[in-house]
Amino acid sequence: MRPHLQSFTDETIKHLQALIRLNTVNPPGNEILAAEYIAKVLRDEGIEPIVLESAPARGNVIARLKGSGELPSLLLYGHTDVVGVESEKWTHPPFEGIIADNFIWGRGALDMKGFVAQQLTVFLNLKRHAKLKRDVIFVATADEEIGGKEGYGMAWLVKNHSELLRAEFGISEVGGFNISLGGKRIYLIQVAEKGVCWVKVRAKGRAGHASMPHSDNSIIHLMKAINRLTTQGMPHHLCEAVSGFIDSASAAAGGVTGIALRSLKSPLASRIIFNTVLKDHDLRSNLYAMLHNTATPTRLNAGYQTNVIPSEAEVTIDGRTLPGFNTESFLRELKSVLGELLDYEVIMESPPIQTRHDTELFETMSNTLKRHDPQAHVVPYMMSGATDAKYLAPLGIPTYGFTPIQMPPDLKFVELFHAHNERAPVAGLGWGTGVLYEVVAKYCS
């Protein structure tokens, strides 16, 4: 028996409102509030969860529905921490979960309490209605937003409780949402994500009195290097996941858009396309990030007094690496642009990951989306950011980003992540819960 769509919507929104109202801004996190809420919901349904605190108030919750054991397990996972807010810049308060204009508003509505609420609702309905051949594991973790290798969430669980996570595949953020290309409705399923390489880059020079300027100024050296980065950019590369996206998306879009997308495979043609056809397109930044290692200056630090030329100036670079690159090869590429005479200090790194899209699970996701939306065209894609999937990959657990949601055509979905007025369409979120339930029930039964 499959629950009615309205039932999925009502239950998802109920849990999402409750989670939004729990302040789990990281730092400090305090995700134990969400872990205990989820644990109570599960216990009320007759499911006994495990709540694990990696540190005081850093809560993680794990639950398992036992199948017959005929097939390997499936892992559903997400995080309950959220980024901070500037409350005065929101239309509706960010921690109240208000429903207005057919949206639910609040920090985490999309990233990613909304999707945790979807997974929780699916998990509960599997308990009520499905006969499983696979175990289904549900995990809600702490510390994704700023967690590193020594974090308090998935990284900590992998290090200390990997036996609770073992599965054939994982399903998590971000995918299953629709975009418009050439007037066609394209649904993206994430099969890859870029790696992380955060770097502090320092320029050195000669200190002196600011009333007597000279050319050996560390700030000027650094400015020239950053200018080369912004004008020259990083080299073009085409990885398997992006090639699959371009092939599928260009075929679906057709027309001028399809031709433009296919042209992105060529380094020379892509430069022209980015500066002409795609110059003002909503997806330009995402498409560019798919085809390049990126290095974005995010912080500057120099000087201590106005009348002193500093001997050192520093920029922090948020580097994102394509599949096929590691820290060493990324640094070589970065140095070829910024220059060899600067000092480079890696402050955080994680590898890119890629999952095959010629699998039964991917096909199940694709077919289910098409059943629920006859206008759907489904394509694999690579996320330019990073998720907790990077910690599971070394365990041999590949992840698909698949948290389905149907978005209004004029809403810029990805731009709402970490933004003021983060919100999710009520109907679209409930629709996605129904899609996710059908995928998991079919694959695991």
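Three strands make an open sheet in the order 4-5-19, and their pairing is antiparallel. Its edge strands are strand 4 (99-100) and strand 19 (423-425), each of which pairs on one side only. Helices (H or I, at least four residues) and strands (E, at least two) are DSSP runs, numbered from the N terminus. Two strands pair if DSSP finds at least two bridges between them.

Before going further, a word on the source: this is a predicted model, in which local features need pLDDT of at least 70 and side-chain atom pairs count only at pLDDT 80 or more, while totals for chains, interfaces and linings use all residues. Residues are numbered from 1 along each chain as its sequence is written, and side-chain values use heavy atoms, with hydrogens and water left out.

Strand 5 (residues 103-105) runs antiparallel to strand 19, and three bridges join them. Within this pair, Ile 104 has Ala 424 of strand 19 as its bridge partner. Helix 1 packs on the sheet, where it touches strand 4 and strand 5, and its direction makes about 20° with that of strand 5. Helix 13 (residues 426-444) packs on the sheet as well, touching strand 4, strand 5 and strand 19, and its direction makes about 70° with that of strand 19. Touching, or contact, means heavy atoms within 4.5 Å. Axes are lines fitted to C-alpha atoms, for helices over the stretch in contact, and angles run from 0 to 180 degrees between N-to-C directions.

Is His 15 buried or exposed? His 15 lies in helix 1 (residues 5-20), and this residue is buried, with a relative accessible area of 2%. Buried means under 20% relative accessible area, exposed over 50%, and partly exposed in between (1.4 Å probe, protein chains only). Not counting residues up to four places away in sequence, His 15 touches Tyr 37, Val 41, Ala 117, Leu 120, Thr 121 and Leu 124.

Another open sheet has four strands in the order 12-14-10-15, with antiparallel pairing. Strand 12 (294-302) and strand 15 (343-350) are its edge strands, each pairing on one side only. From one strand to the next, the twist averages 20°.

Helix 5 (residues 218-232) packs on this sheet, touching strand 10 (195-204), strand 12 and strand 14; its direction makes about 20° with that of strand 14. Helix 10 (residues 327-338) packs on the sheet too, touching strand 10, strand 12, strand 14 and strand 15, and its direction makes about 140° with that of strand 15.

## Strand pairs side by side

Strand 17 is mostly covered: seven of its eight residues are buried.

| Strands joined | Bridges | Direction |
|---|---|---|
| strand 9 (residues 184-193) and strand 17 | eight bridges | parallel |
| strand 12 and strand 14 (residues 312-321) | eight bridges | antiparallel |

In strand 17, Val 378 is the bridge partner of Tyr 187. In strand 14, Ile 317 is the bridge partner of Pro 297.

Helix 11 (residues 360-372) packs with helix 13 at an angle of about 140°, and their axes are 9 Å apart. That makes helix 11 oblique to helix 13: angles under 35 degrees count as roughly parallel, over 145 as roughly antiparallel, 65 to 115 as roughly perpendicular and the rest as oblique.
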